[in-house]
Amino acid sequence: MTIQRFVRESRTFKASHVLPPDTNNHNTLFGGKLMAHIDDVASISAMKHARGPVVTASTDSVDFLQPIRVDNEVALEAFVTWTHNTSMEVFVKIVAEDLLTGVRCVCATSFLTFVAIGEDGRPTPVPKIVPETEEEVFLHNGADERAAARKIRRKNNKHLADMLGTRRPWEPLLNNP
């Protein structure tokens, strides 16, 4: 029997008040700070689905759509949208709310991939995901295309890493790798 879990079982929320130390010289949230929030909430969502440890395999995309300002609430919602054998795609929606006016906007979206890790430290199978809502089905239906793009990007990045190597710019060129 194949184990399945509903998307709703992985749904995770996180909110934070944006304060001056969290911002850059434009008084907007540091991108890296937002990325840390994204990875945190997405990893919790993946762990809820896998019911075990996970590792981030890739941050497939982070699209910054609107700035997040001081005194905004930044609210993140994450859920598993797709599963393969040992991996899970997690979608994160980031909403900023001006705490003084109540105006909200979707300010960023992100897709990440996580791999479940077994007791032996190796990848372990994850339950299949079952989408229910229109939003969940929409994201699930686009996952195969995103997975194919991820596979191509990973192959290209491995080739690039091999090409670039580990030599520091000031080290002499050697005939052997």
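Reader: Which strands pair in the antiparallel sense over 11 bridges?

Author: S5 and S6 do, pairing in the antiparallel sense over 11 bridges, where two strands pair if DSSP finds at least two bridges between them and strands are DSSP runs (E, at least two residues; helices are H or I, at least four), numbered from the N terminus. This is a predicted model, in which local features need pLDDT of at least 70 and side-chain atom pairs count only at pLDDT 80 or more, while totals for chains, interfaces and linings use all residues. Residues are numbered from 1 along each chain as its sequence is written, and side-chain values use heavy atoms, with hydrogens and water left out.

Reader: And what stands opposite valine 92?

Author: Valine 92 faces serine 110 in S6, and in the hairpin of S5 and S6, with 5 residues between the strands, glycine 102 takes a positive phi near 85°.

Reader: Which other strand is joined to S6, and by how many bridges?

Author: S3 is joined to S6 by 9 bridges, and the two run antiparallel; along S6, threonine 113 stands opposite serine 58.

Reader: Is S6 mostly covered or mostly open?

Author: S6 is mostly covered, since 10 of its 13 residues are buried, buried meaning under 20% relative accessible area, exposed over 50% and partly exposed in between, with a 1.4 Å probe and protein chains only.

Reader: Switching to the core, how many residues does the largest nonpolar one have?

Author: The largest nonpolar core has 32 residues, and those with the most contacts inside it are Leu34, Ile68, Met88, Val92 and Ile94; such a core is a set of buried Ala, Val, Leu, Ile, Met, Phe, Trp, Tyr and Cys residues joined through side-chain atoms within 4.5 Å. Helix H1 (31-50) and strands S3 (54-64), S4 (72-83), S5 (87-98) and S6 (104-116) each supply at least two residues of this core.

Reader: What about the aromatic pairs, how many are there?

Author: The structure holds 2 aromatic pairs, counted when the ring centres of Phe, Tyr or Trp (its six-membered ring) lie within 6.5 Å, with planes under 30 degrees apart called stacked, over 60 edge-to-face and the rest tilted. Phenylalanine 91 and phenylalanine 111 form a tilted pair, 5.0 Å centre to centre with 50° between the planes, and this pair links distant parts of the chain, with phenylalanine 91 in strand S5 and phenylalanine 111 in strand S6, 20 residues apart.

Reader: Are those two buried or exposed?

Author: Phenylalanine 91 is buried, at 8% relative accessible area, and phenylalanine 111 also counts as buried, at 13%.
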